[in-house]
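Colleague: I have a new model to learn from. Can we walk through it together, one question at a time?

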Amino acid sequence: GKIRDKSKCNVENVVRPFIVKDEDYKKLMGVMLEQFENGLGKDTNSTAKVKMFPTYVRDVPDGSEEGDILALDLGGTNFRVLLISLNGQEVKMESKIYVIPQQIMLGSGTQLFDHIAECIYKFMKDHKLMDKKLPLGFTFSFPCKQIGLDKAILAQWTKGFKCEGVEGEDVVRLLHEAIQRRGDIDVECLAVINDTVGALMSCAHEDRNCAIGLILGTGTNACYIEKTENVGLWDGDNDEPHQVMINTEWGALGDDGCLDFIKTEYDRQVDKHSINPGRQVYEKMISGMYMGEIVRLVLEKLRKNNLIFQGQESEELKSRGRFYTKYVSEIESDEEDNFTNTKQIFKELGFEKVSDEDCRIAQHVCSLVSTRAAYLASAGIAVLLNKMGRPEVTVGVDGSLYRFHPHFHDLMVEKITHLVNPGIKFKLMLSNDGSGKGAAIVTAVANRMR
Ligand code: ADP
């Protein structure tokens, strides 16, 4: 009887693949550790999928960082230009969001960097900075092989960007060339950082135990502090401190098939229709760019099998990308048996009659998909905590998924506690404006040392 039940099309059977057993999370941790070590190894890095890029950022801030710094934040939903004034613990910040049109995101590199330079120009003009020479820090949150603090070769575009002629090139050089083409702004980029490093640095500014930076936004990624002796590809100095931040680029985990044992048919569909099929497998199971779409596919499957929405159809629910990840947060935020948000969302999607039972099912789907995401990210953090072996570590976290989802933080604390080695204490700390503040801190240090 039991075997037949498993093949029956009911809600529980449809969603079951999202429930990952604890032993599978532990197996995943073993796989991750192996892949992290491959990425760090001199002989294994070239074929490793998880690249573990050394960042040339060596230490957390000591609080003496100061000066006015311009920062750029490129790497997801919004492109921002920021002006940051650092003075010890005091940080002042002004910023403006500029739109990057889709045709530029998918256009040429020259167009992209000309657009960025124009945004810098506009920002400087609006903020009366045209007569100033300002150092610039660039938060560029795509996988880059850094060959210095101010040299970052783009390995590949992710998260919806695909500009021709940038992969394999130094993005600082491309930025400087665009600035020179204009000839009307006086800025020099002294540092490129990843948003993970930004989150780590900005949290470390308040808490010196911070040694991991985590992003849960459009994409997912993490960085951590590693001893240089463990970094096979380290070619920097061997001076104090004997450590360097490693940008793991863990979103690429699974690109060799090592996550196939937990992938679902929905993960495969999301991947198939993405602009980078076969790539960023772990990221696609976790981050904001994909979570809503996973939920949509499950809901559509339930609907087609008449398990939800009683035979109603919705063109919207059939449309790829139309079910936003913020809906997942909103649906899961509904109080028990009061389905205000959930009903509103499905009305917006074109369903006329939405029953309480429909809402309960939708909530269940959202909860399983977001819980899996939180647990998968937790497994990664537990691996890093165990690997570092420090007794007490703060994890600086940034990104809208972590910030706005009602349970992500608690789910992660629960799962990391369960997976981490005994004796290791950790805290998850929300990073505020890490991309701007982090870039400014790193740039201020670089500016002082030149
Ligand atoms: P980025 O990572 O691009 O710098 P964000 O941290 O704002 O920027 O992340 C954007 C992602 O967060 C989008 O994929 C979006 O779907 C998701 N997101 C936005 N609002 C929410 C929310 N309320 N709950 C969950 N996810 C959200």
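Modeller: Start with a term. A crossing is left-handed if the near helix is turned anticlockwise from the far one by less than a right angle, and right-handed if clockwise. Keep in mind that this model is predicted.

Colleague: Is the crossing of H13 and H15 left-handed or right-handed?

Modeller: H13 covers residues 356-388 and H15 covers residues 408-419. Their axes lie 8 Å apart. The crossing of this pair is right-handed.

Colleague: Are H13 and H15 oblique or roughly parallel to each other?

Modeller: The two pack at an angle of about 45°. Angles under 35 degrees count as roughly parallel, and 65 to 115 as roughly perpendicular. The pair is therefore oblique.

Colleague: How many nonpolar residues has the contact of H13 with H15?

Modeller: H13 brings residues including Ala374, Tyr375 and Ile381. H15 brings, among them, Phe408, Leu411 and Lys415. By class, three residues of this contact are polar and one is charged, while the nonpolar ones number eleven.

Colleague: Which residues in H11 meet H13?

Modeller: H11 spans residues 325-333, and its axis comes within 9 Å of that of H13. The axes cross at roughly 120°, which makes H11 oblique to H13. This crossing is left-handed. On the H13 side are residues including Ala362 and Cys366; on the H11 side they are Val328, Ile331 and Glu332.

Colleague: In which sense do E2 and E5 pair?

Modeller: Strands of a sheet pair through backbone hydrogen bonds, either parallel or antiparallel. E2 is residues 66-74 and E5 is residues 134-140. Leu74 stands opposite Phe140 in E5. Over five bridges, the sense is parallel.

Colleague: What percentage of residues 212-445 is helix?

Modeller: An unreviewed UniProt entry places "domain: Hexokinase C-terminal" at these residues. The end C-alpha atoms of this stretch are 20 Å apart.

Notes
Residues are numbered from 1 along each chain as its sequence is written. This is a predicted model: local features need pLDDT of at least 70, side-chain atom pairs count only at pLDDT 80 or more; totals for chains, interfaces and linings use all residues. Two strands pair if DSSP finds at least two bridges between them. Helices (H or I, at least four residues) and strands (E, at least two) are DSSP runs, numbered from the N terminus. Axes are lines fitted to C-alpha atoms, for helices over the stretch in contact, and angles run from 0 to 180 degrees between N-to-C directions. Angles under 35 degrees count as roughly parallel, over 145 as roughly antiparallel, 65 to 115 as roughly perpendicular and the rest as oblique. Two residues are in contact if their C-beta atoms, placed from the backbone, lie within 7 Å. Ala, Val, Leu, Ile, Met, Phe, Trp, Tyr, Cys and Pro count as nonpolar, Asp, Glu, Lys and Arg as charged, and the others, Gly among them, as polar. UniProt positions are given in the numbering used here, feature names are shortened, and annotations may be inferred rather than shown by experiment.
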